[in-house]
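Here are my notes on this model. Please read them with the coordinates open.

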Amino acid sequence: MNSRFYNITHIFIPIVLVVAIISTISFYNIKNAEHRSDERHNLKQEEQEIKEIQIDAITSFAKEFNISTDDITKTKINKKYTSISYNSPDKYISEIIVTKYKEKADIGDLVKEGKEEELKSLIKEQINLKYPSFIASVLEKDNTTYYYEFLDNGIVIHFDNYQTNPLYEEKTSVKLTCEMINSLLDYECLSNSEENPNIIKLDSNKKTVALTFDDGPNKNTLSILDTLKDNHASATFFMVGTNINNFSDTVKRISDEGHELGSHSYSHKSLLHVKNEELEKEINEVSRLVKNITGTDIKLLRPPYGSINGEIKDKYPYSYIMWSVDPEDWRYKDAAIVREHVLDKVEDGDIILLHDIHFTTAESLKLILPELYIRGYQVVSVSKLAELKGRTLAPNNIYRSFK
Ligand code: ZN
């Protein structure tokens, strides 16, 4: 009996156990499935709600700015925020909303903790990289209104147009790449652009002029260098040899800041009137002095008074650079007159003649450069102008413009 009982128990108990285990597992499976289906349901409902909130936000955005809802783009910023924006040729507007509650948010809500200042200075830095200071100084003010366009390779910051110079009608914006903002903003930004899109490149399709300064260097040259830098412009400096050693730091700075160095003879005598034995020094000494300071070779020569003859031109292998716009700044020592003359006469391909030794010329440059920028000109050195116009500066040749 004992052994039979044992045998039954032996079979029965494991069966009970197996049935119990299977039931428990099934029970939990059913429970889990129910739970998962509930979750799915909730998620669907939430998605639906979010969609409705987004549609609602887009509708009120369209109403507020009097635009069609069809022209509005919505971009998911991260789990919490959505951006809605409108981009047309004449304006850009956008809003960030908290996706779940249809509340308006601000770029400040996306900034990672303690990164506010870093973001501010990044924006200022990029503004100054892209725009000359007469525009940048307006855009970088703390009260400027920014609109943010979220892209998969970064964000574009658009500025309100009316805030810039009233004469400058272009839309203004800077782009921050993923690489720049990944550590600063809570934005799911993935792809990186390789180059900084705010660095402006010279464009051979744009109107371009060359700016040239004769008779320096001199104490006014520094102010001219500052103004060129402020306006993202460059120039060619035709220097007189006797000034070079007294202003060797200035010569170095001209070269370091990407401008071009040219010769304007050693002592500013007319090359047609110097004795033969002096001619070599008048023509080549500036090259030797500049080479000592900057290590670069001089290829351009502007003869004093524009006086040159075929014999000299053929003998010395420089490119001889004349000019096509001459406001006679040495005669009219008045910034307004110089400005007016240049802006009246200037055309694409011109070479403008100025003198960096006059204070009034330095002042006129502050007026001329912003206006050239507004008119769509690039302002460059003589060699750059030739290059952009597809011309080669050959030695023993005379050039007046590249029109
Ligand atoms: Zn001169």
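1. Main core. The model is predicted. Its largest nonpolar core has 43 residues. Leu211, Phe213, Leu228, Phe237 and Leu372 have the most contacts inside that core. Leu211 touches, beyond four places away in sequence, Leu228, Ser234, Ala235, Thr236, Ile352, Leu354, Leu365, Leu369, Val379 and Val380.

2. Another core lies apart from the largest one and has 32 residues. Ile123, Ile127, Phe134 and Leu139 are among them. As background, nonpolar side chains tend to be buried together in soluble globular proteins.

3. Three-stranded sheet. The strand order is E5-E6-E7, the sheet is open, and the pairing is antiparallel. E5 (146-151) and E7 (173-177) are the edge strands; each has a single partner strand, so one side of each lacks a neighbour in the sheet. On average, neighbouring strands are turned by 20 degrees against each other, direction ignored.

4. Pairing and packing. E6 (residues 154-159) is joined to E7 by five bridges. His158 stands opposite Ser173 in E7. Helix H3 (residues 116-130) packs on this sheet and touches E5, E6 and E7. The direction of H3 makes about 125 degrees with that of E7.

5. Disulfide. The whole structure contains one disulfide. Cys178 and Cys189 form it, with sulfur atoms 2.0 Å apart. The torsion about their S-S bond is about -75 degrees, so the disulfide is left-handed. Cys178 lies in helix H5 (residues 178-181), and Cys189 in the loop between H5 and strand E8 (207-214), so the pair ties together parts eleven residues apart in sequence.

6. Burial of the cysteines. Cys178 is buried, at 0% relative accessible area. Cys189 also counts as buried, at 6% relative accessibility.

Key:
Residues numbered from 1 in each chain as written. Predicted model: local features only at pLDDT ≥ 70, side-chain atom pairs only at ≥ 80, totals over all residues. Heavy atoms only, no water. Core = buried A, V, L, I, M, F, W, Y, C linked by side-chain atoms within 4.5 Å. Buried < 20%, exposed > 50% of the residue type's maximum accessible area, 1.4 Å probe, protein only. Contact = heavy atoms within 4.5 Å. Pairing = 2+ DSSP bridges. Helix = DSSP H or I, 4+ residues; strand = E, 2+ residues; numbered from the N terminus. Axes fitted to C-alpha atoms, helices over the stretch in contact; angles between N-to-C directions. Disulfide = S-S within 2.5 Å.
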